[in-house]
Amino acid sequence: QAPKQVQVQLSAGLEEISITDYPAEWQSLLPEMVQHLKTSQDMAVLKGTMQTAHTVFLKFRAQARSEDLLREVKYTVTGFQETHLAVFTATCTRVLGGLPADQLVAHFELLLATIGVFFSLNVIDLPEFFEDHREEYFRGFLELLKFQHEAVAGQGQQGLLEQVKGAICECFVLYAEKYQEEFMPFLLRCVQEVWTLLVGLD
């Protein structure tokens, strides 16, 4: 695994390339990422692949709505949606089921990238798949907001746990602003958990 500084540089380069080349000039990327996520049992591979997906899909957040962008998002969602849900639910199940402390960091790094992908794939329109599976996603989000463990909590600064909870709150805001009707069944529960989280902050 590359040092952190090298990872940051590689990620920045990948994001730049993705803006111009994905998906039209890089058609092998999405199927390869899906294949890795479906078949690998190696946490480093899963985490690296989802972090790559997160970086590539960031382009959807920054570009103006257009027919080309909508086609790119539809292509990406169609190819990635089922694998994304499978990774999210499996990772939530492992984390909430009581993982050893030494495994939590990698799982939370995977979750952070997975939630980032969720935001990027929902930021333009609400895809039918994500609408149909709101319950699985929001149930996982709400359970993660309740989760506490010193192995991933920041000591005087923002740790992975806080980053994941912050990313979940960003997803709540996205749905509250853009998809009010679809978000309504979860609104009260989400507000209650966010309020509990805020009250618990030092």
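User: In this predicted model, at roughly what angle do the axes of helix α2 and helix α5 cross, and are they parallel or antiparallel?
Analyst: Helix α2 covers residues 29-39 and helix α5 covers residues 67-96. Their axes come within 10 Å and cross at roughly 10°. An angle under 35 degrees counts as roughly parallel. The two helices are therefore roughly parallel to each other, with a crossing angle of roughly 10°.

User: Which residues of α5 meet α2, and how many nonpolar residues does the contact have?
Analyst: On the α2 side, the residues are L30, P31, M33, V34, L37 and K38. They meet Y75, T76, G79, F80, T83 and V87 in α5. By class, the contact of α2 with α5 has 3 polar residues, 1 charged residue and, as the number asked for, 8 nonpolar.

User: Is T39 buried, partly exposed or exposed, and which backbone oxygen lies 2.7 Å from a polar atom of its side chain?
Analyst: T39 belongs to helix α2. Its relative accessible area is 48%, so T39 is partly exposed. The backbone oxygen that lies 2.7 Å from a polar side-chain atom of T39 is that of Q35.

User: Is K59 buried or exposed, and what is the length of the polar contact between its side chain and that of E72?
Analyst: K59 is in helix α4, residues 59-62. Its relative accessibility is 4%, and buried means under 20%, so K59 counts as buried. The side chains of K59 and E72 are joined by a polar contact of 3.1 Å.

User: Why does T114 count as buried, and which backbone oxygen lies 2.7 Å from a polar atom of its side chain?
Analyst: T114 sits in helix α6, residues 101-122. T114 counts as buried because its relative accessibility is 1%. A polar atom of the T114 side chain lies 2.7 Å from the backbone oxygen of L110.

User: Which residues does T114 touch, not counting residues up to four places away in sequence?
Analyst: T114 is a residue of α6. With residues up to four places away in sequence left out, T114 touches M50, H84, V87 and F88.

User: How far apart are the end C-alpha atoms of helix α9?
Analyst: Helix α9 covers residues 160-178, which is 19 residues. At 1.5 Å a residue, these should span 27 Å. The distance in the model agrees with this, because the end C-alpha atoms are 27 Å apart.

User: Which residues of α9 are buried, and what does their cover include?
Analyst: The buried residues of α9 are L160, L161, V164, K165, A167, I168, C169, C171, F172, L174 and Y175. Their cover includes α6, α7 (128-132), α8 (134-146) and α10 (180-199).

User: Which residues are in contact with I168, leaving aside its neighbours within four places in sequence?
Analyst: I168 lies in helix α9. At 0% relative accessibility, I168 counts as buried. F138 is 30 residues away from I168 in sequence and 9.1 Å away in space, C-alpha to C-alpha. With neighbours within four places in sequence left aside, the residues in contact with I168 are I115, F141, L144 and L145.

User: How far does α8 reach from its first C-alpha to its last, and what covers its buried residues?
Analyst: α8 has 13 residues, with 18 Å expected at 1.5 Å a residue, and reaches 19 Å from its first C-alpha to its last. Its buried residues are Y137, F138, G140, F141, L142, L144 and L145. What covers these buried residues includes α5, α6, α7, α9 and α10.

User: Is D132 buried or exposed, and how far apart in space are D132 and E182?
Analyst: D132 is located in helix α7. Its relative accessibility is 52%, so D132 counts as exposed. D132 and E182 are 50 residues apart in sequence, and their C-alpha to C-alpha distance is 9.8 Å.

Definitions and conventions. Residues numbered from 1 in each chain as written. Predicted model: local features only at pLDDT ≥ 70, side-chain atom pairs only at ≥ 80, totals over all residues. Heavy atoms only, no water. Helix = DSSP H or I, 4+ residues; strand = E, 2+ residues; numbered from the N terminus. Buried < 20%, exposed > 50% of the residue type's maximum accessible area, 1.4 Å probe, protein only. Polar contact = N/O pair within 3.5 Å; in protein donor to acceptor, adjacent residues only side chain to side chain. Contact = heavy atoms within 4.5 Å. Axes fitted to C-alpha atoms, helices over the stretch in contact; angles between N-to-C directions. Parallel < 35°, antiparallel > 145°, perpendicular 65-115°, else oblique. Nonpolar A, V, L, I, M, F, W, Y, C, P; charged D, E, K, R; others polar. Expected span 1.5 Å × (residues − 1).
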